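Subject: Structure handover

Hello,

Here is the structure for you to look at. My notes on it follow below.

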Amino acid sequence: MSNDLSLRATAGPAAAARTCSYIVLAASYDILLGYTGTVAGVLVALLTRYNGPEATLSFGVMVDILLMVVIGGMGTLYGPALGAAMSARAVIIDTDPGTDDAVALFLALGSPELDVRLVSVVGGNVGLARTLANARAIVGLSGRRVPVVAGAERPLLGGFTSAPHAHGDDGLFGVALPEGPPAAPGVAADAIRAVLRGAAPASVTLIGIGPATNLALALATEPELAGRVAEIVLMTGAVGEGNVTPAAEFNAWSDPEALAVLLACGRPVVLATLETTAQALCTPARKAALRARGGGACARAVCDIWDRVPVSARLGGLGHPEHDACAVAWAVAPHLFGVRKVCASVELAGASRGRTNIFRHRLPGAANARLLETLDAEGFFALLGERVAGLGNGMG
Ligand SMILES: [Ca+2]
């Protein structure tokens, strides 16, 4: 997408606010310089008329100093906001909401570090009809105007299997959200390619928090668009034991061929595996902290979802893992993670279908991914609470 301000302004209130900041800043400079120039011109004329050239020279130095002080002060006031606006990371989020997808989407939509260009939806945790309705509701509740588009309802190969035990039949464990805005026309792979076509080289981050079908279809059907991708951040796979089969994690298991396409596309890949997300453990204390924090409709929705998600027996019953928000958190606050270069591939056949083979040591070849190996969990939940609490206020 170009840097045209009118296009950026359509991306939502945050983008519009940033655009307003540009305009206010530019107008402030124009007014300041114009006003100062007019006053200075009048005073120079008067000084030259009554006191001669030496007084004029001294006055000119004073005006220079004054301008430096004022413009320096404006830089201090506006600089951080301008810097954040200019560095907002363009992202496409591919998702299958999904309780943890909902939390991840709220984190993304509440974070000014991200410029969410598109939410594309895939069947996964539940069927596409529900994941699409949930994604529309989540985006609607956030108050952000981001297009939501439907994608694949089944993987590239094989059948579709959902995970209602982990998310409820409706994907959100019965937490009812107001119906969201209509889906954007078209299908996900086309919409993803359209965003990439309009983007500068290596400028768009793809965040995949469901089966990788949509992202793989987009890149497989127009491979040269991979050059527009800055990074592909995926919640997928496991270094060790899976959570669907002994070998495989759910997203990788749901569409391993699609994951293989992404791992081989030549762009930087970042992996949040089950070992990463186990560190993002939502405990009773962390749930209580968000509830006590208050906030708007989105914070209440997250609290309601958290109250219904069962604790993970796999993680000792101490809480449940916030899988998908880990991938978004990397895009928002990478300093929360410790990272290691790895060689990653995915098994496509047999009982180990969907298993990710992640070499962390003694790499068999050049690294093709980075593994989010450690997480500052306190920092993660502090970030999550701050961004979710600040989103969707006043919307019910
Ligand atoms: Ca998901």
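Helix H7 (188-197) lies across strands S1, S2 (114-121), S3, S4 and S5 (229-235), and runs at about 155 degrees to S2. Helices (H or I, at least four residues) and strands (E, at least two) are DSSP runs, numbered from the N terminus. Contact is counted when the C-beta atoms of two residues, placed from the backbone, lie within 7 Å. Axes are lines fitted to C-alpha atoms, for helices over the stretch in contact, and angles run from 0 to 180 degrees between N-to-C directions.

This is a predicted model, in which local features need pLDDT of at least 70 and side-chain atom pairs count only at pLDDT 80 or more, while totals for chains, interfaces and linings use all residues. Residues are numbered from 1 along each chain as its sequence is written.

Helix H14 lies across S1, S2, S4, S5, S6 (269-272), S9 (337-346) and S11, and runs at about 155 degrees to S5. H14 spans residues 323-332, and ten of its ten residues are buried, so the helix is largely enclosed by the rest of the structure. Among the buried residues are His323, Asp324, Cys326 and Trp330. A residue is buried if 20 or more other C-beta atoms lie within 10 Å of its own, exposed if 12 or fewer, and partly exposed in between.

The sheet is open and has nine strands in the order S3-S2-S1-S4-S5-S6-S11-S9-S10, with mixed pairing. Its edge strands are S3 (148-150) and S10, each of which pairs on one side only. Neighbouring strands are turned by 30 degrees against each other on average, direction ignored. Two strands pair if DSSP finds at least two bridges between them. S1 and S4 (residues 204-208) pair in the parallel sense over five bridges, and Ile93 stands opposite Ile207 in S4.

Some backbone points remain. Most residues other than glycine have a negative phi, and most peptide bonds are trans. The bond from Pro97 to Gly98 is cis, with omega near -10 degrees; Gly98 is in the loop between S1 (89-95) and helix H4 (99-109). Phe173 is not a glycine but has a positive phi of about 50 degrees. Phe173 sits in the loop between helix H6 (164-167) and H7, and counts as partly exposed because it has 18 C-beta neighbours inside 10 Å. Arg362, also not a glycine, has a positive phi of about 50 degrees. The loop that holds Arg362 runs between S10 (356-359) and S11 (369-375). Arg362 is exposed, with 6 other C-beta atoms within 10 Å.

Regards
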